[in-house]
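Let's take a walk through this structure together, one piece at a time. Keep the sequence and the 3D view open while you read.

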Amino acid sequence: MTEYGIVFNLDSCIGCRACQVSCKIWNGLRAEETSFNPAGYTNPPDLSPNTWMLMVYHEGVNGQGPFWLFHKWQCMHCSEAPCAKACPVNAIEVHPEGPVVIRPDKCIGCRYCIEACPYNVPRYDPETNKVYKCTMCVDRIQNGLAPACVEACPTDALEFGPWEELVRKYKAAGFEVYGDNVNDYVGRTHYLYVTRRYRDIGSSEGKKWNEYIGLPSDPRGALPPVQAGRDVGAGIAAAALAGAVLHALYWRAKRVQEKAKGKS
Amino acid sequence: MGREVKLFSELEIWAHKHVIHFAAALIITGLIISAQKLPSPLDGVFEWMAYALGTPASKAAAALGASPLEQGYDAYSLGVQVARIIHRIAGVGMALIGVVWLLGELPRIKKWQVWPEGGLGEAVRNLVRYYIGKEKPVFGKYNLGQKLWILGVVVGFTLLFASGLIMWFRDSFSPSTWELAHTLHVWLAWLGIAGLVIHVYLAVGIPEHKPMVRAMFRTGTAPEEFVKDHHPLYYEKAELEEEEH
């Protein structure tokens, strides 16, 4: 089973939003009425149950001059998917091909996955009581096609292929890669972000390039204390049970001892 | 039959019985909700309960004209949803019982012995002397362990209820608030279960404590000899009170 990845090349993206539109079309997601976003070009302004990916526009001026960057925001499809670990009904499946998919027939809308996600991706819909996010077009991948966004990209800023090969290829070509080895919380991600041109974009502010486009170098979510509660907690309860059994044996032995000594 | 000493009021017996049922509902539904994340073999024990709730619920839904697919749930998830509803209702019920009980105890607030007689150190030593040494205990009505349990239940349940409400109405709170609430809720629930195991064991697993079980569940009283032997400081207090009347 091949493990796939999608590379987003920061250098080639022109912010045309073909990916955003094709995602809507393929997944049958209805359009959202929006208005001017004072924060910038990004529209709709946020992911939603009906907007599974967004073209995010970063513009401004830094020590190196004006910048105008685009980055594609959607589920990162983490190998250690904390959302899947958080889900109490195991509605989130981590496929061997890479996609991390929420099964709507199983989702109970508890939103524990939202607590766990360090990239702020899953979105809850109060009308259907379910959580939605990018599926990496698992339905297309499992049928030999590339994801919709990749097919739509006019500049080949998106590349779909075997994950290992993609990492190797881009590193060999001198690109900075985000996603091949992120941290223990997410593992590695099946969405890989690469750049050559913008590797130093954050240097005047002491930031790494990935942080500049909103990808944390050490992504963390709220799962660990809950996970610890589940594991350690069950252990404490088991210890209490063991303690009770041991005490019962001890107490009984003491009683036998007392009887033998003639007390009653 | 000799003299009986009054230990528990009718309200206390009522409250305790109801708390047991509501706690059972809360714990069982709580474990059903998190069944898939429990360590083996616990997961198997509670997963079937989700199906037990979900399968009839889906049949009822179909009979009422909405198929589970329309509602978007497989039988397991529907069962977890049912468990969540029961869990929330039981939580509110438990809070109400708690309020009734507390209101009932407040009038006798002057008689509350919150701090152990003789101080903390002595109380710890007494506890060890009895439970490990099996010597004659020098306890008041409640030994240190029992006092800590009552305190733990009142504080713990209040926090469980508050964190539960935050998670239930999470749209009214910030993400960091519900993340904290979730963490608190998981930890307190397990500590509560652990405490309950110990509480039930000490009540029911130690044959010498049978008179106390009878007092808590049936008569509200225990034989004079038992109280003199196991809770001598309380016996003295009770005697003094009787003399005053």
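This is a predicted model: local features need pLDDT of at least 70, side-chain atom pairs count only at pLDDT 80 or more; totals for chains, interfaces and linings use all residues.

Now step back into the helix itself. α6 of chain A covers residues 163–172, and its buried residues include A:W163, A:L166, A:V167 and A:Y170. Why do these sit on the same side of α6(A)? Because they cover an arc of only 95° around the axis. Turn to the face pointing away from that buried side and you'll find A:E165 and A:A172, which are exposed.

So what covers the buried residues of α6(A)? The cover includes four strands of chain A: β1 (4–9), β8 (158–162), β9 (176–178) and β10 (191–195).

| Strand pair | Bridges | Facing residues |
|---|---|---|
| β9(A) and β10(A) | 3 bridges | A:Y178 and A:Y193 |
| β2(A) and β3(A) | 9 bridges | A:N62 and A:G65 |

The second pair brings together β2 (residues 54–62) and β3 (residues 65–73). These two strands form a hairpin, with 2 residues between them.

**Two helices crossing in chain B**

Over in chain B, look at α6 (residues 144–168) and α7 (residues 175–205). Their axes come within 8 Å and cross at roughly 145°, and the crossing is left-handed. Among the residues making the contact are B:W149, B:G152 and B:G156 of α6(B), together with B:W178, B:A181 and B:H182 of α7(B). Are the residues of this contact charged, polar or nonpolar? They split into 11 nonpolar, 10 polar and no charged.

**Where the chains meet**

Chain A and chain B touch too: 27 residues of chain A are in contact with 31 residues of chain B. Which helix gives the most to chain A's side? That's α8 (residues 223–261) of chain A, with 14 residues. Chain A's side divides into 16 nonpolar, 4 polar and 7 charged residues.

**One arginine to finish**

Last stop: A:R111, in the loop between β5 (100–102) and α3 (112–116) of chain A. Is A:R111 buried or exposed? A:R111 counts as buried because it has 21 C-beta neighbours inside 10 Å, and the cut-off for buried is 20 or more. Leaving aside neighbours within four places in sequence, A:R111 is in contact with A:Y124, A:V131 and B:R170. For a sense of scale, compare A:R111 with A:Y250, 139 residues apart along the chain: their C-alpha atoms are separated by 46 Å.

Note on methods
Residues are numbered from 1 along each chain as its sequence is written. Chains are lettered from A and ligands numbered from 1 in the order in which they are written. A residue is buried if 20 or more other C-beta atoms lie within 10 Å of its own, exposed if 12 or fewer, and partly exposed in between; C-beta atoms are placed from the backbone. The arc is that of the directions from the helix axis to the C-beta atoms. Two residues are in contact if their C-beta atoms, placed from the backbone, lie within 7 Å. Axes are lines fitted to C-alpha atoms, for helices over the stretch in contact, and angles run from 0 to 180 degrees between N-to-C directions. A crossing is left-handed if the near helix is turned anticlockwise from the far one by less than a right angle, and right-handed if clockwise. Ala, Val, Leu, Ile, Met, Phe, Trp, Tyr, Cys and Pro count as nonpolar, Asp, Glu, Lys and Arg as charged, and the others, Gly among them, as polar. Two strands pair if DSSP finds at least two bridges between them.
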